Amino acid sequence: MDSPRSSSSQLIVLQTHTPTLFKAAVTQAAVLLRAGELVALPTETVYGLAANALSSEAVSKIFQAKGRPETNPIIVHVNGLDMAKACVTVWPESATLLARAFWPGPLTLVLPKANCIPNNVTAGGKTVGIRWPSHPFMHEVIGEAGFPLAAPSANRSNEISPTNAEHVRKSLGDKLLIIVDGGQSQVGIESTVVDLSGPRLRVLRPGIIHAAALQAATPGMEWEMGRGAGADSTEPLRSPGRLLRHYSPKARLVILNWKNSHELSLQLNSTGINRQKIHLIVYSHVPGGLNCGRVSVIPHDAEAFARAIYAELHQCDEEGAELIVVEALPDSDEWVAIGDRLIRASAR
Ligand code: TXA
Ligand code: MG
């Protein structure tokens with residue numbers, strides 16, 4: 001189903017697959033960003049809805065377009081260590097080690113904010129989340145604009161994050177002038193967010209850079225590790241990405257275990273939902289003969305699964321699924337972030 005395109009006649013989707021197109025898109029995006037406008041941009045994690053991070057007026061447009069609660073802070077994207085350090089007042093040893101190991105890449109560091117960062121970026125808080133993304137378009141456009149970019153995921157609040165330009169168009173097309181198409185997001189889920197502002201290092205939102213990798217990069221440093229389900233958080237607004245209901249598809253989502261098709265069939269019967277309205281996302285126990293609306297088989301390694309999962313959820317919604325059944329995930333470090341997103345997607 002197409003979303004209404006009433007005011008989206010002005011919308012331009014800029015391609016970037018040749019050097020000339022890429023350069024033209026960088027220029028056009030930077031002109032709009034300098035004029036205080038929003039631009040949807042590709043990053044390696046998910047697409048971002050970007051604005052000048054140094055302008056509270058530009059940033060306020062992000063909140064309006066997404067319908068985002070003002071209590072939810074926005075990540076600031078930079079294109080190097082100098083710009084990162086200019087956004088904060090302290091640069092601890094832990095930041096040096098983590099940046100050296102994982103930047104540019106899918107890691108956000110939360111540190112005490114500098115005065116140049118407006119209060120609406122940090123939702124009134126004293127800390128700011130900083131990320132140096134690895135997507136070449138982000139790198140170039142930040143350089144061309146000359147300032148850091150505040151960018152949450154480019155979807156309406158509480159929807160699943162977009163991993164391609166078409167996802168952005170469907171969710172926010174009527175609010176945007178430009179979407180830059182930088183291809184399919186290579187990581188596919190949002191960055192790992194770590195808080196370096198307290199006495200111990202802390203994962204606020206798990207991501208593809210997982211606990212063991214973070215610990216290995218910071219020898220001798222103390223980490224407060226939790227599997228962070230958010231619902232039991234004592235500080236629910238400290239990192240709203242941890243709120244239980246977040247990243248939701250329109251369809252109900254359940255996570256199930258089964259050994260064979262018969263066992264799954266019994267579980268599906270108990271839902272009372274028409275089989276054609278049930279979509280399955282599986283990676284190891286592929287069921288047959290259940291007459292479901294769709295069966296997607298996605299790869300059995302965490303990185304490939306992460307790259308594919310949001311696009312699968314978008315597709316299920318697109319096809320009108322009532323129930324999305326996802327096969328229960330393995331219980332190991334690499335799968336924690338994906339499990340975290342699916343638990344939130346299943347919350348009602
Ligand atoms: O991969 C990503 O991080 C993507 C791309 C676009 O970079 N961005 C993203 O932004 O996922 P968003 O707004 O959807 O998620 C930002 C989350 C907040 O909800 C919060 O959980 C955490 O990052 N966050 C940001 N700033 C924070 C701060 N100062 N303190 C604590 N948590 C913060
Ligand atoms: Mg988001």
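## Starting with strands

Two strands count as a pair if DSSP finds at least two bridges between them. Strands here are DSSP runs of E with at least two residues, helices are runs of H or I with at least four, and both are numbered from the N terminus. With those terms in hand, welcome to this predicted model.

Residues are numbered from 1 along each chain as its sequence is written, while chains are lettered from A and ligands numbered from 1 in the order in which they are written. Because this is a predicted model, local features need pLDDT of at least 70 and side-chain atom pairs count only at pLDDT 80 or more, whereas totals for chains, interfaces and linings use all residues; side-chain values use heavy atoms, leaving out hydrogens and water.

## The overall picture

The secondary structure of the protein comes to 10 helices and 15 strands. Its C-alpha atoms fill a box of roughly 60 × 55 × 35 Å along the principal axes. The radius of gyration is taken over C-alpha atoms, and the globule rule is 2.2 Å times the number of residues to the power 0.38. For 348 residues, a compact globule would come near 20 Å, and the protein agrees because its own value is 20 Å.

How much of the protein is buried? Of its 348 residues, 54% count as buried, where buried means under 20% relative accessible area, exposed means over 50%, and partly exposed lies in between (1.4 Å probe, protein chains only). The accessible surface is about 14700 Å², and 51% of that belongs to carbon and sulfur atoms. Such areas come from the Shrake-Rupley method with a 1.4 Å probe; for residues, only the protein chains shown count as cover.

## Two domains

The protein is divided into domain 1 (5–224) and domain 2 (252–346), with bounds that come from an automatic or database domain assignment. The C-alpha centres of domain 1 and domain 2 lie 29 Å apart. Their contact (heavy atoms within 4.5 Å) takes 21 residues from domain 1 and 18 residues from domain 2.

## The nonpolar cores

A nonpolar core is a set of buried Ala, Val, Leu, Ile, Met, Phe, Trp, Tyr and Cys residues joined through side-chain atoms within 4.5 Å. The largest one has 94 residues, of which Leu41, Leu98 and Leu109 touch the most other members. Which element gives this core its largest share? Helix α9 (residues 302–318) does, with seven residues. Domain 1 and domain 2 each supply at least three residues to this core. Apart from it lies another core of 13 residues, including Val254, Leu256, Leu268 and Leu280.

Setting aside neighbours within four places in sequence, Leu41 is in contact with Ala29, Tyr47, Gly48, Ala50, Phe137, Met138, Val141, Leu149 and Val180.

## Around strand β3

Strand β3 (residues 48–52) is mostly covered, with five of its five residues buried. Strand β2 (residues 39–41) pairs with β3 in the antiparallel sense over three bridges, and a hairpin of six residues joins the two.

Why is helix α6 (residues 165–172) described as largely enclosed? Six of its eight residues are buried, so the rest of the structure largely encloses it. Those buried residues are Ala165, His167, Val168, Arg169, Ser171 and Leu172. Their cover includes β1 (12–15), β2, β3, α2 (56–66), β8 (178–181) and α9.

Phe63 is found in helix α2. With a relative accessible area of 8%, Phe63 is buried. Leaving aside neighbours within four places in sequence, Phe63 is in contact with Arg68, Pro69, Glu70, Asn72, Ile74 and Asn120.

## Backbone exceptions

Most residues other than glycine have a negative phi, and most peptide bonds are trans. The bond from Trp103 to Pro104 is cis, with omega near -5°, and Pro104 is found in the loop between α4 (93–102) and β5 (107–112).

Asn158, in the loop between β7 and α6, has a positive phi near 75° and is partly exposed at 37% relative accessibility. Asn291 also has a positive phi, near 60°; Asn291 lies in the loop between β13 (278–282) and β14 (294–297) and counts as exposed at 56% relative accessibility.
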